[in-house]
Amino acid sequence: AQKAARDAGTIPADESLLRRTALVGRSGLEAEYDAQLRGEQGIKKLAVDQAANVVGTVSETDSVPGNYLVTNIDAKLQAVVEKELLAAITKARNTQDRTDKSRNYKADSGAAVVMDVTNGHVLAMASYPSYDPTVWVGGISSKEYKALTAKSSNYPLISRAIQGQFVPASTFKIVSASAA
(Lines give C-alpha, C1' and ligand atoms only; values in the text may rest on other atoms or scores of the structure.)
Protein backbone atom coordinates (compact mmCIF):
# COMPACT_ATOMS: atom_id res chain seq x y z
CA ALA A 1 0.00 0.00 0.00
CA GLN A 2 2.88 2.37 0.83
CA LYS A 3 4.54 1.63 -2.50
CA ALA A 4 1.31 2.40 -4.37
CA ALA A 5 0.88 5.62 -2.38
CA ARG A 6 4.51 6.59 -3.04
CA ASP A 7 4.07 5.86 -6.76
CA ALA A 8 0.92 8.00 -6.76
CA GLY A 9 2.93 10.83 -5.21
CA THR A 10 1.08 11.06 -1.91
CA ILE A 11 4.04 9.76 0.16
CA PRO A 12 7.45 11.26 -0.60
CA ALA A 13 10.24 8.84 -1.54
CA ASP A 14 12.82 8.22 1.19
CA GLU A 15 15.46 10.81 0.41
CA SER A 16 18.12 8.91 2.36
CA LEU A 17 18.10 6.07 -0.17
CA LEU A 18 21.00 5.69 -2.56
CA ARG A 19 20.78 7.31 -5.98
CA ARG A 20 21.97 5.52 -9.11
CA THR A 21 24.92 7.92 -9.24
CA ALA A 22 26.07 7.06 -5.69
CA LEU A 23 29.46 5.45 -5.22
CA VAL A 24 29.38 2.60 -2.70
CA GLY A 25 32.31 1.10 -0.79
CA ARG A 26 32.52 -2.52 -1.98
CA SER A 27 35.22 -4.01 0.22
CA GLY A 28 37.60 -3.37 3.08
CA LEU A 29 37.38 -0.14 5.06
CA GLU A 30 35.17 1.51 2.45
CA ALA A 31 32.54 -1.21 2.80
CA GLU A 32 32.78 -1.35 6.59
CA TYR A 33 32.43 2.39 7.09
CA ASP A 34 30.36 3.26 4.00
CA ALA A 35 27.47 4.83 5.92
CA GLN A 36 29.80 7.09 7.94
CA LEU A 37 31.95 8.06 4.95
CA ARG A 38 29.02 8.69 2.61
CA GLY A 39 27.33 11.67 4.25
CA GLU A 40 24.05 12.83 2.71
CA GLN A 41 23.37 14.11 -0.78
CA GLY A 42 21.85 17.51 -1.25
CA ILE A 43 18.56 17.59 -3.12
CA LYS A 44 17.16 20.47 -5.12
CA LYS A 45 13.64 20.11 -6.51
CA LEU A 46 12.84 22.45 -9.36
CA ALA A 47 9.55 23.58 -10.84
CA VAL A 48 9.37 23.47 -14.63
CA ASP A 49 6.82 24.67 -17.16
CA GLN A 50 5.37 22.69 -20.09
CA ALA A 51 8.44 23.45 -22.21
CA ALA A 52 10.74 22.01 -19.48
CA ASN A 53 12.09 25.46 -18.58
CA VAL A 54 12.98 25.92 -14.91
CA VAL A 55 10.60 28.46 -13.41
CA GLY A 56 11.55 28.18 -9.75
CA THR A 57 12.84 26.12 -6.85
CA VAL A 58 10.31 24.02 -4.95
CA SER A 59 12.64 22.91 -2.16
CA GLU A 60 16.30 22.55 -1.41
CA THR A 61 18.18 20.34 1.07
CA ASP A 62 21.86 21.00 1.71
CA SER A 63 24.30 18.15 1.42
CA VAL A 64 26.09 16.88 4.53
CA PRO A 65 29.69 15.77 4.06
CA GLY A 66 30.72 12.35 5.29
CA ASN A 67 33.10 11.76 8.16
CA TYR A 68 36.83 11.26 7.87
CA LEU A 69 38.39 7.88 8.52
CA VAL A 70 41.84 7.94 10.07
CA THR A 71 43.81 4.71 9.96
CA ASN A 72 46.95 3.73 11.82
CA ILE A 73 48.78 2.44 8.73
CA ASP A 74 52.44 3.39 8.77
CA ALA A 75 53.44 3.92 5.12
CA LYS A 76 57.13 3.11 5.64
CA LEU A 77 56.32 -0.04 7.62
CA GLN A 78 53.72 -0.98 4.98
CA ALA A 79 56.38 -0.82 2.25
CA VAL A 80 58.73 -3.01 4.31
CA VAL A 81 55.99 -5.57 5.04
CA GLU A 82 55.05 -5.82 1.35
CA LYS A 83 58.72 -6.25 0.37
CA GLU A 84 59.36 -8.87 3.07
CA LEU A 85 56.19 -10.82 2.23
CA LEU A 86 57.33 -11.06 -1.39
CA ALA A 87 60.81 -12.12 -0.21
CA ALA A 88 59.30 -14.83 2.03
CA ILE A 89 57.12 -16.14 -0.84
CA THR A 90 60.14 -16.21 -3.17
CA LYS A 91 62.28 -17.99 -0.53
CA ALA A 92 59.55 -20.58 0.09
CA ARG A 93 59.28 -21.27 -3.64
CA ASN A 94 63.01 -22.03 -3.66
CA THR A 95 62.85 -24.27 -0.57
CA GLN A 96 62.47 -28.02 -0.83
CA ASP A 97 59.17 -29.39 0.49
CA ARG A 98 59.91 -31.55 3.58
CA THR A 99 57.00 -33.91 2.87
CA ASP A 100 57.80 -34.36 -0.83
CA LYS A 101 61.54 -34.01 -1.53
CA SER A 102 60.94 -34.07 -5.31
CA ARG A 103 59.51 -30.54 -5.36
CA ASN A 104 59.71 -27.11 -3.76
CA TYR A 105 56.93 -25.48 -1.76
CA LYS A 106 54.13 -24.07 -3.92
CA ALA A 107 53.97 -20.75 -2.02
CA ASP A 108 51.21 -19.27 -4.17
CA SER A 109 49.70 -16.90 -1.60
CA GLY A 110 50.27 -15.35 1.78
CA ALA A 111 49.48 -12.47 4.08
CA ALA A 112 51.15 -10.40 6.75
CA VAL A 113 49.56 -8.17 9.39
CA VAL A 114 51.52 -6.01 11.83
CA MET A 115 49.60 -4.84 14.89
CA ASP A 116 50.46 -2.66 17.86
CA VAL A 117 50.15 -5.03 20.83
CA THR A 118 49.37 -2.21 23.25
CA ASN A 119 46.15 -1.09 21.55
CA GLY A 120 45.36 -3.47 18.67
CA HIS A 121 45.89 -0.90 15.93
CA VAL A 122 46.78 -2.33 12.52
CA LEU A 123 50.05 -0.72 11.45
CA ALA A 124 50.58 -2.61 8.18
CA MET A 125 48.76 -5.25 6.17
CA ALA A 126 49.91 -7.01 3.02
CA SER A 127 48.50 -9.74 0.81
CA TYR A 128 50.08 -11.80 -1.96
CA PRO A 129 49.34 -11.98 -4.83
CA SER A 130 48.46 -8.34 -5.14
CA TYR A 131 47.54 -5.97 -7.94
CA ASP A 132 47.57 -2.26 -8.76
CA PRO A 133 44.23 -0.82 -7.56
CA THR A 134 44.45 2.06 -10.05
CA VAL A 135 43.08 -0.32 -12.71
CA TRP A 136 39.61 0.58 -11.36
CA VAL A 137 40.04 4.33 -11.92
CA GLY A 138 38.03 5.38 -14.94
CA GLY A 139 36.68 1.85 -15.42
CA ILE A 140 38.36 -1.49 -15.97
CA SER A 141 38.54 -3.26 -19.31
CA SER A 142 37.19 -6.79 -19.77
CA LYS A 143 40.72 -8.00 -20.49
CA GLU A 144 42.10 -6.53 -17.25
CA TYR A 145 39.20 -7.92 -15.22
CA LYS A 146 39.60 -11.41 -16.72
CA ALA A 147 43.31 -11.28 -15.86
CA LEU A 148 42.50 -10.41 -12.23
CA THR A 149 39.87 -13.15 -11.89
CA ALA A 150 41.67 -15.90 -13.79
CA LYS A 151 42.72 -19.01 -11.88
CA SER A 152 46.25 -18.58 -13.27
CA SER A 153 46.56 -15.20 -11.49
CA ASN A 154 45.66 -16.92 -8.18
CA TYR A 155 42.88 -14.40 -7.52
CA PRO A 156 44.70 -11.23 -6.41
CA LEU A 157 41.35 -9.51 -5.71
CA ILE A 158 41.06 -11.64 -2.57
CA SER A 159 42.89 -9.96 0.28
CA ARG A 160 44.42 -12.89 2.12
CA ALA A 161 45.00 -10.64 5.13
CA ILE A 162 41.27 -10.24 5.81
CA GLN A 163 39.56 -12.85 3.61
CA GLY A 164 42.00 -15.77 3.59
CA GLN A 165 41.54 -18.91 5.63
CA PHE A 166 44.90 -20.03 6.92
CA VAL A 167 46.22 -22.33 9.60
CA PRO A 168 46.97 -20.22 12.73
CA ALA A 169 50.75 -20.88 12.51
CA SER A 170 53.28 -19.56 15.02
CA THR A 171 50.93 -17.16 16.82
CA PHE A 172 48.74 -20.08 17.85
CA LYS A 173 51.70 -21.97 19.35
CA ILE A 174 51.79 -19.44 22.20
CA VAL A 175 48.14 -20.18 23.03
CA SER A 176 48.52 -23.96 22.89
CA ALA A 177 51.78 -23.88 24.88
CA SER A 178 50.23 -21.85 27.67
CA ALA A 179 47.19 -24.14 27.72
CA ALA A 180 49.46 -27.18 28.09
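**Figure 1. Salt bridges around Arg 103 in the predicted model.** In this predicted model, the side chains of Asp 97 and Arg 103 meet in a salt bridge with an N to O distance of 3.2 Å. A salt bridge of 3.1 Å, again N to O, joins the side chains of Asp 100 and Arg 103. Through these shared partners, Asp 97, Asp 100 and Arg 103 belong to one network. The three residues are listed here with their relative accessibility. Asp 97 has a value of 5% and therefore counts as buried, given that the limit for this class is under 20%. Asp 100, at 29%, is partly exposed, and Arg 103 is partly exposed at 42%. Across the whole structure, a search finds four salt bridges.

**Figure 2. The salt bridge between Asp 34 and Arg 38 in helix α3.** Asp 34 is part of helix α3, which covers residues 34-38. Because Asp 34 and Arg 38 are four residues apart in this helix, about one helical turn separates them. Their side chains meet in a salt bridge, with 2.5 Å from N to O; a polar contact of 2.5 Å is also recorded between the two side chains. Asp 34 is buried, its relative accessible area being 17%, whereas Arg 38 counts as partly exposed at 27%. When residues up to four places away in sequence are not counted, Asp 34 touches Leu 23, Val 24 and Gly 25.

**Figure 3. A nonpolar surface patch that includes Leu 69.** Leu 29, Tyr 33, Leu 37 and Leu 69 form a nonpolar patch on the surface. Together these residues have about 320 Å² of accessible area. Leu 69 is located in the loop between β2 and α4, the latter spanning residues 75-93. With a relative accessible area of 36%, Leu 69 is partly exposed.

Figure 4. Strand β1 (residues 43-48) pairs with β2 in the antiparallel sense, over six bridges. Strand β2 (residues 54-61) has eight residues, of which the number buried is zero, so the strand lies largely in the open.

**Figure 5. Gly 42 and the residues it touches.** Leaving out residues up to four places away in sequence, Gly 42 touches Thr 61, Asp 62 and Ser 63. Gly 42 is partly exposed, with a relative accessible area of 39%.

**Figure 6. The hairpin of strands β3 and β4.** Strands β3 (residues 110-115) and β4 (residues 122-128) run antiparallel and are joined by six bridges. Gly 110 stands opposite Tyr 128 in β4. Six residues lie between the two strands of this hairpin, and Gly 120 in the turn has a positive phi of about 80 degrees. In a regular strand, side chains alternate between the two faces of the sheet.

**Figure 7. Gln 78 and the backbone of Met 125.** Gln 78 is found in helix α4. A polar atom of the Gln 78 side chain lies 2.6 Å from the backbone oxygen of Met 125. Apart from its neighbours within four places in sequence, Gln 78 is in contact with Ile 73, Ala 124, Met 125 and Ala 126. Gln 78 is buried, with a relative accessible area of 13%.

**Figure 8. The whole protein, as context for the close-up views.** The protein has seven helices and four strands, which follow the pattern α-α-α-β-β-α-β-β-α-α-α along the sequence. Of its 180 residues, 11% count as buried. The protein exposes about 14500 Å², and carbon and sulfur atoms supply 55% of this area. Among the contacts with a separation of 6 or more, residues 24 or more positions apart account for 40%.

Note on methods:
Residues numbered from 1 in each chain as written. Predicted model: local features only at pLDDT ≥ 70, side-chain atom pairs only at ≥ 80, totals over all residues. Heavy atoms only, no water. Buried < 20%, exposed > 50% of the residue type's maximum accessible area, 1.4 Å probe, protein only. Pairing = 2+ DSSP bridges. Patch = residues over 30% accessible without salt bridge, like charges linked within 9 Å, V, L, I, M, F, W, Y side chains within 5 Å. Areas by Shrake-Rupley, 256 points an atom, 1.4 Å probe, with all protein chains shown as cover. Polar contact = N/O pair within 3.5 Å; in protein donor to acceptor, adjacent residues only side chain to side chain. Contact = heavy atoms within 4.5 Å.
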